[in-house]
Amino acid sequence: MKEEAKKVLKKLEEHGYEAYFVGGCVRDWLLHRPVHDIDICTNAHPGDIMKLFPDHIPTGLQHGTVTVKQDGYLFEVTTFRTEGVYEDFRRPSEVTYVNEVVEDLARRDFTINAMAMKYNKELIDPFFGLEDVNDHVIRAVGDANRRFQEDALRLIRGVRFASQLGFQIEDETRKAMRDNAPLLIHIAVERVREECNKLIDSRHPDKGFQFAKQTKIFQSIPLLQQLFDQSTMHLWRLQTVESVIHKWVVLLFAADFSWEQSRELCRYLKMSRKEEETITFLMQQLMLLQPLWDQCQSIDWTRLIMKHGLERCYDLEKVLDVLWWNDLSNKKNTLQATLDKMAVKTLKELAVDGSEIRKLSDQKQGPWIQKTLEYLWERTVTGELANVSEALLIAAKDFIHGEMEHPANEMKK
């Protein structure tokens, strides 16, 4: 990808323009970290860029950005610019094109992101970002208060960078973050959620939680601030699980949230329906089981499988394994061991289906069919019935007949 990006820089230079790699890619190359996106800045205007690169996407012309396609890769190429007044604590009211790369770098958030590099690795570093990279420090460019008042998302980005890089936040920058923390309320919750996910899923979440707690950046979102304040004792456990959703559950449980509070936070952050349902279900089960940290207990997986299905149970076991991490050698039973003992693991594995059950009664199609199948499944799981069509249909007839004799039951209805 870098070699293809160099071709873009060289072509711009060949036509008399300046062009540089800029921002996060420069920082990550200096840190020898993987680079997934490469941004380019230039004094060429958007019209010039589009003429030079016919294969392009005019993604952000109002901000001077053109996405250039180069041998299967996409690179955002942006004209050097300064920015006008930020009216919504997020975006400038206008941008002005400039000729000097230093003016462009001056508008950026942190010194470690305010470096530019030529394709020959020559570094443009007017704000001593390389020094801060080497010292593992996050420092705002220029006036820290102004940077956060321009774009309040930078508050949480600073904390997220600390989590991802394991860096400290410089004192004046940290003070400005605390002073301007209330401004985060102006940022779309989708962006807040995205940054939180990256923070939670980072290599050094302890750093992010430390600074989120010190600066109170989530004070305008009380439930989120409560989560960051109260879950710090078990942050190390996040490294033992891959799923971000499971990490949220571990943190919510560590912060002593109820399942209702957990659902409220999911809805505030506008998580997807699947994410909300998964987190709420897992928190409900944890409230019922009341597991103790690092003290394994026996789980009735058969009952849980039959009630909630395999996928939910897999999620629950993964979370429980995190809670019991230091005691897993004493784990009393596993979901897999339970499954191995079950002759029929799901309703679909029954030797009869709903259409066959439907033929056993003159009742209209309804919930009674599902209820009958669940009855048969339970009896096969407990070993009372063999999973053989003939035996299951006989048992189903008896069950339906018995239910029909009780008018108040659900099947009769």
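Tutor: The sulfur of Cys41 has its closest cysteine sulfur in Cys25, and because 9.3 Å lies between the two, they are too far apart for a bond. A disulfide here is a pair of cysteine sulfur atoms within 2.5 Å. Buried means under 20% relative accessible area, exposed means over 50%, and partly exposed is in between (1.4 Å probe, protein chains only).

The model is predicted, so local features need pLDDT of at least 70 and side-chain atom pairs count only at pLDDT 80 or more, while totals for chains, interfaces and linings use all residues. Residues are numbered from 1 along each chain as its sequence is written, and side-chain values use heavy atoms, with hydrogens and water left out.

Helix α1 covers residues 2–14; helices (H or I, at least four residues) and strands (E, at least two) are DSSP runs, numbered from the N terminus. From first C-alpha to last, the 13 residues of α1 reach 18 Å, close to the expected 18 Å, where the expected span is 1.5 Å times one less than the number of residues. Glu4, Ala5, Lys6, Val8, Leu9 and Leu12 are buried in α1. These buried residues pack against several elements, including β2 (39–42), α3 (46–52), β4 (65–70) and β5 (73–79); contact means heavy atoms within 4.5 Å. Just after α1, Gly16 takes a positive phi of about 90°.

Strand β4 is largely enclosed by the rest of the structure, because 5 of its 6 residues are buried. Strand β3 (residues 56–60) pairs with β4 in the antiparallel sense over 3 bridges; two strands pair if DSSP finds at least two bridges between them. His56 has Val68 of β4 as its bridge partner. The hairpin of β3 and β4 has 4 residues between the strands, and Gly64 there takes a positive phi near 80°. Strand β4 also pairs with β5, again antiparallel, over 6 bridges, and Thr67 stands opposite Glu76 in β5. This second hairpin has 2 residues between the strands, with Asp71 in the turn at a positive phi of about 50°.

Arg81 counts as buried because its relative accessibility is 10%. Leaving aside neighbours within four places in sequence, the contacts of Arg81 include His63, Thr65, Glu103 and Asp104.

For comparison, take a residue of helix α19 (residues 367–381), namely Glu374. Glu374 counts as partly exposed, because its relative accessibility is 39%. Not counting residues up to four places away in sequence, Glu374 touches Met306 and Leu347. Glu374 and Thr346 are 28 residues apart in sequence but 9.6 Å apart in space, C-alpha to C-alpha.

Finally, the whole chain. The domain assignment, which is automatic or from a database, gives domain 1 (1–135) and domain 2 (347–405). Their centres, taken over C-alpha atoms, are 66 Å apart.
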